[in-house]
Amino acid sequence: MRRTLLFIVGGLLVGGILHVVIVFLVPYYAGRDAYAAIGELGPDGQFHLLPMANAGNEAAMPGLDPRLMEAVCRFDLSSGPIHVHAAMPDDFWSVAVFDTLSRNVYSLTDRAAEGTGLDLALLTSVQMAQARQNPPPWLETSIALELPIDAGIIVLRALVPDDSLLPAVTTALTGAVCSGPLAVSG
Amino acid sequence: MRFLIDLIIAVAVAVAVGVGSAWYAVSKGHLFGGVTVGAWTAWPQDGSLDADPYALARLARTGEIPLGAGEGLAFTATADSQGAPLDGRCIYAVAGETPAARLWTLTAVDAAGQLMANIAQRQGITSRDVVRSVDGDFTVSVAATVQPGNWLSIAAVPRFDLVLRLYDTPLATGAQLATLTMPAVSKVSCP
């Protein structure tokens, strides 16, 4: 009986280790995360407009604000920097960069961007160093973001103040570009 | 033989405890870093690089994309200011003021976190739509039936959550968050 008790205690300890291992592994094996879901929307390197969140159509991406419209893009910096630009609406909009585990590495709103244009260049630290040596023309005009990641997600969000502005916001987000690679030297 | 039975028991305990607790913790996800103000709770670390393993595992399972720190902050209320769980068959008033933000949206989701079909066919109310009193405060009625004034239309479900998203807000750290004024959520009537 005492031996069985010992085995149960041992089982509990192994269970604790199992708990930690599972929790740490879930993000890498979940397969239902945002990065995977966006990959199913279409090719990488371009924005995909998400339908406005409403009852019954949240399958593509749950938990989005139903009063905002979103466009998402998967990017990969391994072949060169990425250029993100869009003519955004006059009202509130924001842009956020996430890594493949949906951790936010950068975000800004229209007010921080000063003006209605969105013009970002996403680079790795190595690409940034190369670009600084011989600055290409886009380094002057774009906001250069040195990212600690090689691949991830860009999310554009824009307020739809009322239904009459839906077409304008749709046009703005449909015209958004996240293409690459940019030349790292001028 | 005895050893084999003991081993089977040990393995069964390990799997049940390990997998069960991991599954529970991951589906709950929001274990650490919550900041509660009145009825509202926010998880500012949720999608940050400092997110804890449970929060990361939860995000991976739901497929959600959280708000970035520079975009805004989302608060959730699962109960009213008295602590009673929110019931879609009751009428609630969300009243007061929000912390400084350029824009806020107030929406409601069901117990599974999904938006609900409602008679107004409108999801949420924003700081642009809301009609305020002279002193700048506002009152939003949350109900499944038509209400005068600011009305957030929901479905008559037994349980729902309110989500208040503040955009372009200077709030960033937990220290600031603890002293915030958030709108009160009070039950007006129940059938």
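1. A word on the model: it is predicted, so local features need pLDDT of at least 70 and side-chain atom pairs count only at pLDDT 80 or more, while totals for chains, interfaces and linings use all residues. Residues are numbered from 1 along each chain as its sequence is written, and chains are lettered from A and ligands numbered from 1 in the order in which they are written.

2. Let's start with the sheet. In chain A, four strands form an open sheet in the order β7-β6-β3-β9, with mixed pairing. Strands (E, at least two residues) and helices (H or I, at least four) are DSSP runs, numbered from the N terminus, and two strands pair if DSSP finds at least two bridges between them. β7 (143-147) and β9 (177-179) of chain A are at the edges with a single partner strand each, so one side of each has no neighbour in the sheet.

3. Now zoom in on one pair. β3 (residues 82-87) of chain A runs antiparallel to β9(A), and three bridges join them. Across this pair, His83(A) stands opposite Ser179(A) in β9(A).

4. Finally, compare two loop residues. Ser102(A), not a glycine, has a positive phi of about 65 degrees and sits in the loop between β4 (93-99) and β5 (104-109) of chain A. Gln121(B), also not a glycine, has a positive phi of about 50 degrees and lies between β5 (103-110) and β6 (125-126) of chain B. Which is buried and which is exposed? Ser102(A) counts as buried because it has 26 C-beta neighbours inside 10 Å, whereas Gln121(B), with 9, counts as exposed. (Buried means 20 or more other C-beta atoms within 10 Å of the residue's own, exposed 12 or fewer, and partly exposed in between, with C-beta atoms placed from the backbone.)
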